Amino acid sequence: MVKPLQRRMARICAVALISALTIAVVSCERRPGEPVSRSEMWLGTVTSVVIHDSRFPSDVLDRVFHRVEEIQWRMTINEPDSEVSLVNAAAGENPVRVSPDTFEVIEMSIEYARRTNGAFDPTIGPLVKLWNIGSADERIPTESEIEDVLPRIDYTLIELNRDTFEVYLPVPGMVLDLGGIAKGYAVDEAARILLDAGIQHALVDFGGDVYTIGTRPDGNRWRIGIQDPVNTARGRFVGIVEQTGRSVVSSGDYERFFVEDGVRYHHILDPDTGHPTRNGLVSVTIQAPAAMTSDAVSTGAFVMGLEAGMALVESLPDTEGVFVTDDKEVHLSSGLDGSFRLVEAGGFRLQE
Ligand code: ADP
Ligand code: MG
């Protein structure tokens, strides 16, 4: 009974070994429990995939990282000839045709801007540039500089043509910045490639934007630590969420910031005030079927604040949230019961 299977395995391995001449990662008949992982720098962060299946197509990790690279080159604003940069360069002049990829992410970013009442706004670019948080040129801009850019931050102005995949920013100086959503899209695409390849147990983690495929190899749910936003040493958690087959993403004021006169200026900006948000929240974690949703909603809800942000989460199907305040209160959305565990050591308090 066993033999034919072994012969078939031997054949599969032979094929895999031939392709090993050209492909870096080959796996066949590894011992169970021995995961295969790869990490690369993309999208301004460490992107990593860990596969726990014992057999899978040998080129799947190559395909994942090629796709991530493609998404980066299309959507980054740090390269002058990415599709998004070309759209930005043509603001006030002409529409620019983009790939269906970029078009979809822009379309979804507008959808999330609507749902968050503009708290998430993909036209935040001019403000991001003004503050430059996380770069060597970060600084507090003057109020008049802020007043000057605010009229250009308005997602309702973006013009999309679904037939031609053209995107037009009608006001000179408008700047699209997909930094609050593109990483989530890349995570979803990575997960899709892994799932299409039949993979049943894997973890995608792009700088904290996580997708859990299936269960852990032992059949239990994945356990994902939510970063302690107050004591930000890596590996210190507010709590643990347990999940299978979905995404989880955090936004917080601890990721990129500088401090001046005791005030923390961080990278999530309020499109209404033009300043980094200051509403008592220090982190928002969203769990949802798609990482693009989790990414955009975590950023948007962080700007909206506890009450409005939580109301948004409760209104979205199959979407849950963990909101942490600066006085260490932890607020959970109604569907998280049983899949969140507080880490006692951090001094956080669960609010009923
Ligand atoms: P991270 O990049 O740390 O994972 P987020 O997903 O919350 O965090 O995205 C923050 C990025 O999103 C910022 O660096 C900026 O590019 C962009 N951004 C900042 N404020 C907003 C906003 N109000 N709406 C949409 N995007 C924003
Ligand atoms: Mg985000």
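**Close-ups of the salt bridges and the magnesium site**

**View 1. Asp101 and Arg67 pair up through their side chains in a salt bridge, 2.7 Å from N to O.** Asp101 belongs to helix α4 (residues 100-115) and Arg67 to helix α2 (residues 60-75), so this contact ties together parts 34 residues apart in sequence. Both Asp101 and Arg67 are buried. Here a salt bridge is a side-chain nitrogen of Lys or Arg within 4 Å of a carboxyl oxygen of Asp or Glu; buried is under 20% relative accessible area, exposed is over 50%, and partly exposed is in between (1.4 Å probe, protein chains only). Helices (H or I, at least four residues) and strands (E, at least two) are DSSP runs, numbered from the N terminus. This is a predicted model, with local features needing pLDDT of at least 70 and side-chain atom pairs 80 or more, while totals for chains, interfaces and linings use all residues. Residues count from 1 along each chain as written, ligands are numbered from 1 in written order, and side-chain values use heavy atoms, leaving out hydrogens and water.

View 2. Glu111 is partly exposed at 25%, and so is Arg115 at 40%.

**View 3. The magnesium ion (ligand 2) is held by Gly180 (O), Asp295 (O), Asp295 (OD) and Thr299 (OG1), at 2.0 to 2.7 Å.** Gly180 sits in the loop between β5 (166-168) and α7 (182-196), and Asp295 in helix α8 (residues 291-304), 115 residues apart. Donors are N, O and S atoms within 2.8 Å of the metal (3.2 Å for Na, K and Ca); water is not among the atoms, so sites may look incomplete.
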